Amino acid sequence: MTTTPRTTTPPDARMTAFKLEPAKSLAVQIAARLRQAIIEGELALGSQIPEETLAQSFGVSRTPVREALNQLQLQGLVHVRPQVGSFVFYPTVDDVTELCQFRCVIEPRAAELAYRNDKISTVGAIEAAIAEMESAVKRRDTVAYGRADTSLHEAMFTHCGNTYLQESYKLAAGKIAALRTNLSAPLDVRSPDSFSEHRKFLKLFIKGDFEAFEKLMIVHVKGSGDTYVRALQTKAARDPAA
């Protein structure tokens with residue numbers, strides 16, 4: 001019996017869509033640096049982002065800068081307005097409300113899963129974050145305080161063992177961190193007792209009392225949201241055009 005040989009497509013023709021990219025493209029690196037700048041207040045909320053100046057500063061063309069800005073737009077950190085320019089996001093009261101609702105739903109669940117999945121590592125990460133917050137208060141370092149506060153809350157997602165929860169949180173993590181640093185960290189540094197709730201989170205986590213943990217989270221997040229709103233109202237009173 002004669003069989004017809006099967007023709008195969010040359011590998012180079014079939015695999016053209018599977019080219020490897022560098023480990024970290026220029027756009028990814030630029031996006032990471034700009035994300036940090038937004039979160040830590042180097043780029044103020046609502047400010048315009050000068051593409052040409054950034055390109056010169058990074059020593060690249062405007063193309064990877066624009067790609068980076070598009071990535072940050074997907075995270076809600078940047079608004080790209082065609083023919084106008086790119087701007088750091090500026091939250092509305094509704095934004096704050098929805099973010100707080102999101103946190104009240106997702107953070108207690110992540111904490112409970114982290115307790116079951118990797119209690120020891122989570123406790124260690126929370127303890128380290130609280131120590132950093134205390135140190136930042138003594139130094140009156142608002143950026144370091146906000147960074148440590150963010151680390152504390154992210155620890156629960158890092159160790160929860162659930163990819164879907166982690167990815168969901170990433171969608172809002174940048175905005176949450178930016179609001180924390182830009183709108184509440186200065187107040188927390190001036191009032192050391194204001195972060196005592198974080199110590200309570202640690203105690204409740206160690207005990208595994210997630211009913212009390214969730215109740216405290218709601219109080220904590222609502223308090224943060226109220227602080228953000230007051231800060232936005234103060235900014236609006238000072239600069240009605242903001």
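## The β1–β3 pairing and its sheet

Strands β1 and β3 run antiparallel and are joined by two bridges. The model is a predicted one. In this pairing, Ile 49 stands opposite Ser 86 of β3.

The sheet is open and has three strands, in the order β1-β3-β2, with antiparallel pairing. The edges belong to β1 and β2, each with a single partner strand, so one side of each has no neighbour in the sheet.

## Helix α4 and its cover

Helix α4 covers residues 62-74, which makes 13 residues.

The buried residues of α4 are Pro 64, Val 65, Ala 68, Leu 69 and Leu 72. Seen down the helix axis, the buried residues of α4 fall within an arc of 140°, so they line one face.

What covers the buried residues of α4? The cover includes the helices α2 (26-39) and α3 (51-58). It also includes the strands β1 (48-49), β2 (78-81) and β3 (85-88). After α4 comes Gly 76, with a positive phi near 80°.

## A charge over a ring

Arg 81 lies over the face of Phe 87. Its distance from the ring centre is 4.2 Å.

## Aromatic pairs

How many aromatic pairs does the structure hold? There are six. One of them is Phe 157 with Tyr 169: the ring centres are 3.9 Å apart and the planes stand at 15°, under the 30 degrees that counts as stacked, so this pair is stacked. The pair links distant parts of the chain, twelve residues apart. Phe 157 sits in helix α6 (residues 142-158), and Tyr 169 sits in helix α7 (residues 163-190). Both Phe 157 and Tyr 169 are buried.

Phe 201 and Phe 213 pair in another way: their ring centres lie 5.0 Å apart with the planes at 50°, so the pair is tilted. Phe 201 is in helix α8 (residues 196-207) and Phe 213 is in helix α9 (residues 210-238), so the pair ties together parts twelve residues apart in sequence. Are these two residues buried or exposed? Phe 201 is buried, with a relative accessible area of 3%. Phe 213 is buried as well, at 2% relative accessibility. Phe 201 and Phe 213 also belong to one aromatic cluster, together with Tyr 115, Phe 205 and Phe 210.

Helix α5 covers residues 93-139 and includes Glu 98. Glu 98 is exposed, with a relative accessible area of 54%. The C-alpha atoms of Glu 98 and Gly 225 are separated by 9.7 Å. Along the chain, Glu 98 and Gly 225 are 127 residues apart.

Arg 103 also lies in helix α5. Is Arg 103 buried or exposed? Its relative accessible area is 3%, under the 20% limit, so Arg 103 counts as buried. Which residues is Arg 103 in contact with, leaving aside its neighbours within four places in sequence? They are Pro 108, His 153, Ile 176, Arg 180, His 220, Val 221 and Tyr 228.

Notes
Residues are numbered from 1 along each chain as its sequence is written. This is a predicted model: local features need pLDDT of at least 70, side-chain atom pairs count only at pLDDT 80 or more; totals for chains, interfaces and linings use all residues. Side-chain values use heavy atoms; hydrogens and water are left out. Rings of Phe, Tyr and Trp (its six-membered ring) pair if their centres lie within 6.5 Å; planes under 30 degrees apart count as stacked, over 60 as edge-to-face and the rest as tilted. Helices (H or I, at least four residues) and strands (E, at least two) are DSSP runs, numbered from the N terminus. Buried means under 20% relative accessible area, exposed over 50%, partly exposed in between (1.4 Å probe, protein chains only). A charge sits over a ring if NZ of Lys or CZ of Arg is within 6 Å of the ring centre and within 35 degrees of the ring normal. The expected span of a helix is 1.5 Å times one less than its number of residues. The arc is that of the directions from the helix axis to the C-beta atoms. Contact means heavy atoms within 4.5 Å. Two strands pair if DSSP finds at least two bridges between them.
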